[in-house]
Amino acid sequence: MYPFIEEIASVCSGLGHIIFVHYLGLATLFPSFNAKILNRVLRDVVKSEKKGEPHLLDLVITEPDAGTDVQEPFLLDRGRVGTIARKVDGGYMVNGRKIFISNGHFSYWHVVMAFEDKKNPAETFIQCVIPNGSKGFSFGTREKKMGHLASTASELLFEDCFVPNDWMSIVCQDPTIRNSKKGIRWTVHSMIDYVVSSSRAGVGAIGTGIARGAYETAMDYARKKKVGGGLLVNQQWAQIILTDMYRNVNMGRTIYMESAYTDMLQGLFKLLAKKPVHYFLDIMPGWYFSLISPMLSLGLATRILRKYYYDWYTDNERDASSGWASIAKYTCTDLGVTNANLALDLMGGDGLRHDHGAEKCYRDVKLTQIYESTNQVNQMNLFCCLVGNHMPEVEFFK
Amino acid sequence: MYPFIEEIASVCSGLGHIIFVHYLGLATLFPSFNAKILNRVLRDVVKSEKKGEPHLLDLVITEPDAGTDVQEPFLLDRGRVGTIARKVDGGYMVNGRKIFISNGHFSYWHVVMAFEDKKNPAETFIQCVIPNGSKGFSFGTREKKMGHLASTASELLFEDCFVPNDWMSIVCQDPTIRNSKKGIRWTVHSMIDYVVSSSRAGVGAIGTGIARGAYETAMDYARKKKVGGGLLVNQQWAQIILTDMYRNVNMGRTIYMESAYTDMLQGLFKLLAKKPVHYFLDIMPGWYFSLISPMLSLGLATRILRKYYYDWYTDNERDASSGWASIAKYTCTDLGVTNANLALDLMGGDGLRHDHGAEKCYRDVKLTQIYESTNQVNQMNLFCCLVGNHMPEVEFFK
Amino acid sequence: MNAINTDSLACERQAFADLAKDFSAKKLVENREEHDRYPFGELFTEAIKDAGIIGFYGINLPVDYGGVGLNAAMVAVIVEKLSEVEAGMAGIVFTNAAALEIIREGAAAKKSDDIYKSTDRFGTAPLAFQSFHAPNEIDMPAAGPGGALSGRIDYLTLGGIADFAVVPARSDGEKAFSYYLLDLKNTNVSISKPVVSLGLHSCPAVDVTFEGVPALLIGTQGDGENCYRAMRDRMSLCAAAMSLGLIQGSLKEALEYTADRYQGGRQIIDWGQVRMMIAGMAVKALAAGSCFSSASCDMDGGCIGWEKTALAAAIHLGELANQATTDGVQLLGGNGYMKDYGQEQRMRDARQAQSLLGNALFRKMELAGQIIEESR
Amino acid sequence: MNAINTDSLACERQAFADLAKDFSAKKLVENREEHDRYPFGELFTEAIKDAGIIGFYGINLPVDYGGVGLNAAMVAVIVEKLSEVEAGMAGIVFTNAAALEIIREGAAAKKSDDIYKSTDRFGTAPLAFQSFHAPNEIDMPAAGPGGALSGRIDYLTLGGIADFAVVPARSDGEKAFSYYLLDLKNTNVSISKPVVSLGLHSCPAVDVTFEGVPALLIGTQGDGENCYRAMRDRMSLCAAAMSLGLIQGSLKEALEYTADRYQGGRQIIDWGQVRMMIAGMAVKALAAGSCFSSASCDMDGGCIGWEKTALAAAIHLGELANQATTDGVQLLGGNGYMKDYGQEQRMRDARQAQSLLGNALFRKMELAGQIIEESR
């Protein structure tokens with residue numbers, strides 16, 4: 001999955017981003033472990049793709065006054081959240097404005113985060129799925145961005161948007177969550193970390209992909225450009241720059257794969273890595289789909305999954321997968337920026353032209369240092385997960 | 001092995017270096033695949049250690065006028081080599097002066113590189129083993145270094161030092177090498193790359209170890225130092241610096257281990273990674289030592305090993321193991337320098353004191369960017385191995 | 001701001017700085033985003049004209065030919081102030097001034113002012129010039145007998161909006177090259193659509209093809225390299241000025257935004273790491289200001305080695321601006337990436353400004369060459 | 001080298017620069033390595049005495065009390081030139097000058113010159129002072145009634161060789177602190193062995209313990225912070241000067257070595273990457289020179305905001321020197337790491353110089369605080 005994203009992003013990170021965000025939407029829905037909703041959404045995604053009208057997912061979280069705040073469990077309570085879900089007969093009424101929503105205008109299934117009580121967001125967290133065409137839901141403007149022009153950053157508007165109970169994937173006040181062994185806050189924190197642990201390695205892959213695109217562009221250029229009678233690629237200092245770029249790509253890939261392994265063993269995918277499950281999936285017969293999968297719609301499946309993923313999850317597992325995801329995210333995207341700069345360094349005035357490729361890398365890659373929480377917030381998260389944890393005198397996000 | 005070096009170096013890289021160089025000597029001797037000499041030297045090493053008077057090895061290569069030149073196959077022919085081995089009755093007469101020899105004064109077994117013809121060094125390369133007390137061999141001065149004070153950089157002098165044929169581990173004009181399938185030059189190049197492929201990851205481990213020492217020192221300091229009423233560790237910017245240091249250590253470790261895996265599969269250790277050999281070693285009975293190992297003294301063992309390691313070795317294997325070793329070497333040591341700087345940044349005036357630990361990291365780590373070929377030469381090697389290879393228009397070391 | 005306050009030069013400098021500031025506020029702030037979208041938005045043709053009216057294209061043009069008769073250091077003052085607000089206009093002033101420097105150098109070498117008499121457009125409308133490439137980086141057009149040029153000039157800055165251009169060309173079989181002045185409205189000139197570039201969108205460039213276009217030789221035949229070097233020595237200061245202005249603009253916007261934005265229940269400017277990043281930008285802004293100011297002083301005073309100092313200032317400030325404007329985006333988070341704020345434009349412009357007067361790495365290598373030569 | 005050439009200040013500056021150069025060549029070059037080994041080698045006590053004789057400890061001491069009566073900018077000139085050769089001696093001059101600045105500030109605040117009359121050793125022998133720590137980074141001794149000090153001062157630079165020291169102390173229960181002048185030869189002062197440090201070995205520091213040591217209050221009670229800030233503003237320029245000198249020295253030795261060393265069959269100076277690294281050092285040296293020169297100008301001219309400019313110069317040049325001297329070692333390969341050459345000492349000294357006047361990160365944060373305050 002991650003190398004696939006890298007591959008696409010090495011040519012166009014905007015396109016890579018569209019694909020990535022779709023899976024990000026899925027990765028956001030998964031930690032609800034709401035088997036019924038997952039089953040319905042996933043089946044529709046597959047069916048729609050076969051029809052040639054793919055129903056993409058997106059993750060609807062950022063608000064005008066709450067960016068970092070709503071992505072960082074430590075800050076949730078201090079933030080000014082603005083999207084409120086009010087309980088009404090048969091469901092919830094959602095009101096609010098969301099911005100910077102990647103894939104917003106392209107998606108069909110919107111995985112929306114909201115809160116029941118703006119004064120107590122951490123304990124009244126809500127996740128619901130809103131499809132296109134829902135009453136009260138509408139698209140707003142698209143942001144004018146520096147790069148990633150193939151994708152969108154959309155404004156989504158919710159005005160008395162009614163969401164039936166069937167589409168509420170996470171309701172923290174629901175007993176399966178409220179009564180979870182480690183408490184609501186711990187569980188919400190884990191849900192968020194399940195998402196970011198898998199998504200941030202993906203951003204790392206995008207950063208690495210852009211790093212690779214920049215490298216390949218610069219190498220092509222250096223092999224053709226003549227300076228002082230010889231080829232640029234035969235200048236020793238140019239070879240050193242190209243070598244650094246090559247190294248950066250390989251280092252990035254090594255790091256995001258390390259995060260992916262960690263996540264496989266200790267994060268969202270850990271059930272799949274258990275030997276019985278793993279082998280079962282390998283040999284899974286066709287009748288599974290018709291016979292077993294309807295059972296997912298029963299509340300039981302959700303309860304079992306939540307038991308496994310919430311109650312049995314440990315701090316150490318969460319810290320390792322979330323921490324390494326942050327390492328991958330900020331390291332690979334910094335490497336991407338470095339490579340984009342090196343490509344422009346090497347290409348001088350020629351690199352400034354859009355038709356030469358490198359300037360696109362430069363514009364695109366900057367976003368990767370910003371989204372999925374800024375690199376600084378990722379550093380703070382890594383600090384919380386793996387550096388300053390277990391130190392009683394240490395305060396987080398002070 | 002590498003993590004062990006990291007562990008030692010995290011406290012004292014000088015000591016880590018002493019251990020590392022001993023293995024570097026071995027790693028230099030191994031690619032001779034001279035089973036007889038290896039057998040004798042290794043048995044003596046084990047025996048001497050048990051006696052409490054360990055006989056260490058060193059690698060004797062650098063000369064006053066030839067540093068990079070004698071470590072870089074591409075430059076060998078252009079260098080001014082000064083250590084000459086002249087064929088005499090029953091052996092060779094070695095003359096020359098070697099400098100910067102790590103472990104020189106501490107070692108018993110000196111693995112010495114020399115040349116039969118100073119005008120044709122690449123094809124008349126010689127490696128021999130000279131023990132302490134050999135006639136014509138003497139110790140010169142010890143260098144006054146900035147750091148790594150626990151270890152030495154020695155001058156070794158050879159004046160009409162006679163080395164019997166039995167101790168000539170590599171003689172390029174010997175038929176097993178001269179007639180090797182891919183020619184002398186290719187084989188010498190491979191020998192050098194066998195050495196550096198395993199040694200450079202070790203330097204990476206030392207760099208990572210120092211990075212870790214710097215991190216741990218800075219963390220201890222930040223947890224105790226009070227600034228403006230609170231602890232330094234609770235300043236957000238200090239947390240970011242510590243986080244970066246933590247990340248650097250983990251990144252370094254990931255990278256040198258990647259190099260170690262590559263070397264295991266495609267470098268000096270590749271025979272050990274073959275399944276039959278691997279399992280045999282696991283279950284190797286005690287009688288092996290008494291029964292099989294004497295056979296190593298037969299010329300046959302050397303011939304078989306050389307067949308396997310020289311004739312059957314491929315460009316791709318060599319490039320991968322040598323290239324990744326350079327990645328590990330220059331990446332990890334640069335990270336080490338970064339961390340030493342960050343520690344001093346954080347500790348300000350307090351970091352300047354020797355008794356606070358960080359200044360030692362700073363002095364020690366600089367050496368790792370220089371030895372085992374400077375980082376720039378490692379970048380060039382990486383360029384030759386994995387970046388510019390297969391590009392017909394590209395020139396190396398121009 | 002660090003300039004010497006004690007002489008009349010300083011007064012003039014202050015006057016031009018104020019003028020540029022005033023001009024920026026009145027003509028550039030509004031619709032900045034729209035102009036930056038060129039060629040996918042409107043170009044600020046009015047502002048380009050107005051800049052000529054107030055004399056921004058005649059600073060280093062002799063007084064006798066309608067100019068102000070000052071040097072590149074004064075151009076740099078204007079470039080710096082414009083760049084704080086909109087570096088594209090600064091790029092236009094820069095490009096025209098660079099072309100005029102070539103002309104001045106040529107006239108001086110030839111000891112003749114004739115070239116200035118060839119058109120009365122000098123100083124009122126900007127000249128086109130290849131601001132982002134050194135002559136040794138490009139393939140030049142060929143100069144036929146009588147000075148008719150054939151061939152191609154890529155990325156000719158302002159080529160799409162200027163009447164005249166200063167371009168290098170080489171006569172058949174010659175190694176040395178010369179600069180020529182030519183009329184871009186000539187029918188044998190083919191001009192491409194505006195080249196889409198990384199930054200400085202409102203200072204657009206085009207690719208131009210000549211087929212026997214009559215051109216006026218600037219200076220003496222084969223003296224192009226000397227003209228280029230003399231121009232570059234002086235214009236380096238202006239390149240440094242653009243980087244400096246961009247750093248200052250970016251710091252300013254970062255300060256405003258971070259004081260305005262709340263996360264974690266407080267202004268983000270009070271977060272430790274945000275403050276440390278601002279500190280880094282501030283150090284760069286102040287150090288860059290000093291570096292620029294001293295290089296300017298050295299040039300005005302004709303200190304020995306001022307050329308190297310100016311070149312180093314351009315390179316160093318280019319690097320500082322690259323880092324500072326990138327941090328400037330980061331400090332605004334998602335908003336930094338959006339065109340509603342000025343930061344992303346500054347980041348692109350700063351990166352583009354690093355290539356003013358040619359590839360910075362080539363310039364660095366040349367500097368090393370000079371220093372090694374002198375040390376031998 | 002970039003200084004204004006037109007006034008008498010410039011002449012004096014040149015004279016002191018020449019003097020410092022001459023002194024370095026005669027007293028510091030020989031046995032540099034030996035002195036740098038202190039405390040494991042001999043300290044150059046002769047040179048330390050000689051520096052006093054030619055007036056290096058009295059630059060910023062009023063003429064009435066035997067000094068030269070100039071300011072810290074002149075000290076900076078000397079510090080720069082000494083640092084090119086041996087930064088330890090520059091550290092001694094720096095430390096003494098910093099202590100004198102505290103005294104000057106105190107005397108000015110109190111409007112009394114009495115403190116200068118307390119000893120006739122000012123200007124002839126260096127004073128001890130905590131050059132590497134800001135007062136807010138340390139635990140201070142307590143000042144008892146009548147000014148007797150008790151407690152500990154760590155890393156007191158020159159404490160082992162000076163007669164007098166300027167140290168901060170706090171009276172019981174007070175938040176503010178004051179500076180005191182005291183006699184280190186007093187029997188109630190215990191002085192540790194020299195502290196082994198990263199760099200500037202020939203400018204050694206000690207840990208000192210006081211048990212009721214009589215001390216003279218400098219300035220008015222509780223005014224320590226103001227004295228410190230005024231001193232730091234001015235001495236920042238001297239810190240920048242040390243970094244600058246180290247860069248220049250390192251570049252010089254790198255140029256010499258790489259022209260001398262052959263690998264791959266040619267001078268390594270002709271290897272492309274070696275040249276690129278030299279280019280990087282040269283850009284830093286030139287930009288640092290400009291930055292220093294302008295900051296010096298601003299201070300002399302009393303330009304608005306010169307304090308921030310000087311502080312930024314110290315921080316920025318500290319960083320540049322760290323990078324440049326590290327590259328300076330790298331360019332000499334194995335020899336760069338050995339004490340036979342000057343590069344490893346420069347690398348250590350440059351790193352140590354970054355902490356002059358306190359932790360650079362704290363100083364950066366303070367600068368950010370000031371700038372944010374002003375922008376509000």
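Copies of a chain are superposed by least squares on the C-alpha atoms of residues with pLDDT of at least 70 in both. The structure is a predicted model, in which local features need pLDDT of at least 70, side-chain atom pairs count only at pLDDT 80 or more, and totals for chains, interfaces and linings use all residues. Residues are numbered from 1 along each chain as its sequence is written, and chains are lettered from A and ligands numbered from 1 in the order in which they are written.

**View 1. The axis relating chains C and D.** Chain D is superposed on chain C by a rotation of 180° with 0.0 Å of shift along the axis, at an RMSD of 0.0 Å. This is the relation of a two-fold axis. The residue of chain D closest to the rotation axis is C291(D), with its C-alpha at 2.2 Å.

**View 2. The side of chain D that touches chain C.** Here 35 residues of chain D are in contact (C-beta atoms, placed from the backbone, within 7 Å) with 36 residues of chain C. Of chain D, α6 (224-260), α7 (272-301), α8 (306-330) and α11 (360-375) each give two or more residues to this side; helices are DSSP runs of H or I, at least four residues, numbered from the N terminus. The largest share, 15 residues, comes from α7(D). The copies meet through the same surface, because 100% of the interface residues of chain D are also interface residues in chain C.

**View 3. The contact between chains B and D.** Chain B gives 31 residues to this contact and chain D gives 32. On the side of chain B, α4 (68-71), α12 (315-347) and α13 (358-368) each supply two or more residues. With five residues, α13(B) gives the most.

How values were computed. Two residues are in contact if their C-beta atoms, placed from the backbone, lie within 7 Å.
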